[in-house]
Amino acid sequence: MNPIKRYIKEEDVITFKKDGILRLSNIWRFRSLEQPLLDEAEGIRRLKSARGEYVELSPEEVERFFENSNISITGGYIKSWGNTDMSVSFPNAIALCTAAGDHEILKDRFKMENYFIITDTKKFGDAILTFLQKQGFNIIAYCYDWIDYVKSKNYRDTKADFIKETNIFFPPSPSRKIINVTQFPISKFFGNYFTKEKDPFYVEKEYRFVFLCEEEIQKNQSIIAILNPNIIKECIIFR
């Protein structure tokens, strides 16, 4: 297994090494990145079909499709004869993405060659968690884990598994350790944060840190973490 790397600009590596300053991102922002990093399916449950493709949702499917959203629909069907693009957005969450793919591929994909290596993901993630909590963020749940890659996240392509909740909801893997601090009902969507389509994202072999907060996180919100230099020495290697 290749090491887990965080790719950042050269000046940001220097700042992180010297002062512990690290910029965090969020799930919604990943929908607006430039290609090839753009992922329109981040943090959403989506039903999309092309012209002439018939799609039908039963009342049960409709109700569950909009579960964990601000939309409540009961007792009604949804029928479409194409050109459908319907989605439910899950709560935004603070996130940091790293990658364990081949460096020669990743440096071209991310348009940068500089990175640091994370040797202890739990210690590193816990350091970010501690900083966020000290800054007053009310953490609902958090998790550090590998991304699961699937053929498709589109409901139309996973309809056979809809009722069984084995694909469209992308529930957390049995081995995934999700710390649910407040018992907020995250089971129907938290797995989505750790699921991406295999094409074109598998080459990244992503490892992700996710922190779901009680506060509303804006897509363009910038969060700067400052980590303890001693912790950095214990879990980070600078190349």
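Predicted model: local features only at pLDDT ≥ 70, side-chain atom pairs only at ≥ 80, totals over all residues.

Reader: Let's begin with Phe 137. Why is Phe 137 called buried?

Author: Its relative accessible area is 17%, and buried means under 20%, so Phe 137 qualifies. The residue sits in the loop between α4 (121–134) and β9 (139–146).

Reader: What is Phe 137 in contact with, leaving aside its neighbours within four places in sequence?

Author: Its contacts are Ile 94, Leu 132, Cys 213, Glu 215, Ile 217, Gln 221 and Ile 223. As for Phe 211, 74 residues away along the chain, its C-alpha atom is 9.7 Å from that of Phe 137.

Reader: And Ile 21: why is Ile 21 called partly exposed?

Author: Its relative accessible area is 32%. The middle class runs between the 20% limit for buried and the 50% limit for exposed, so Ile 21 is partly exposed.

Reader: Where is Ile 21 in the fold, and which residue is its bridge partner in β14?

Author: Ile 21 belongs to strand β2 (residues 21–26), and its bridge partner in β14 is Ile 226.

Reader: How do you know that β2 pairs with β14?

Author: Pairing requires at least two bridges; four join β2 to β14 (residues 223–226), so the two strands pair, and they run antiparallel. With β7 (residues 94–99), β2 has two bridges, also in the antiparallel sense. Asn 26 and Ile 94 are bridge partners there.

Reader: Now the charged residues. Why is the contact of Arg 208 with Glu 42 called a salt bridge?

Author: The N to O distance is 2.8 Å and the rule asks for within 4 Å, so the pair counts. Arg 208 is in strand β13 (residues 206–213) and Glu 42 in the loop between β2 and β3 (44–49), so this bridge ties together parts 166 residues apart in sequence. Both residues are buried.

Reader: What makes Arg 109 and Glu 204 a salt bridge, and are the two buried or exposed?

Author: Their closest N and O atoms are 2.8 Å apart, within the 4 Å limit. Arg 109 lies in helix α3 (residues 103–110) and Glu 204 in the loop between α6 (198–201) and β13, so parts 95 residues apart in sequence are tied together. At 12% for Arg 109 and 6% for Glu 204, each is under 20% and therefore buried.

Reader: Which residues belong to the salt-bridge network that includes Arg 208?

Author: Arg 208 also forms a salt bridge with Glu 206, at 2.7 Å. Bridges with shared partners join Asp 39, Glu 42, Lys 196, Glu 206 and Arg 208 into one network. The count of salt bridges comes to nine.

Reader: Finally, which residues have the most contacts inside the largest nonpolar core?

Author: They are Leu 24, Ile 94, Phe 124, Leu 132, Phe 211 and Leu 227, in a core of 32 residues. Helix α4 gives the most to this core, with six residues. Phe 211 touches, among others, Ile 94, Leu 129, Leu 132 and Tyr 144. A second, separate core has 19 residues, including Ala 93 and Phe 194.

How values were computed:
Residues numbered from 1 in each chain as written. Heavy atoms only, no water. Buried < 20%, exposed > 50% of the residue type's maximum accessible area, 1.4 Å probe, protein only. Contact = heavy atoms within 4.5 Å. Salt bridge = Lys/Arg side-chain N within 4 Å of Asp/Glu carboxyl O. Core = buried A, V, L, I, M, F, W, Y, C linked by side-chain atoms within 4.5 Å.
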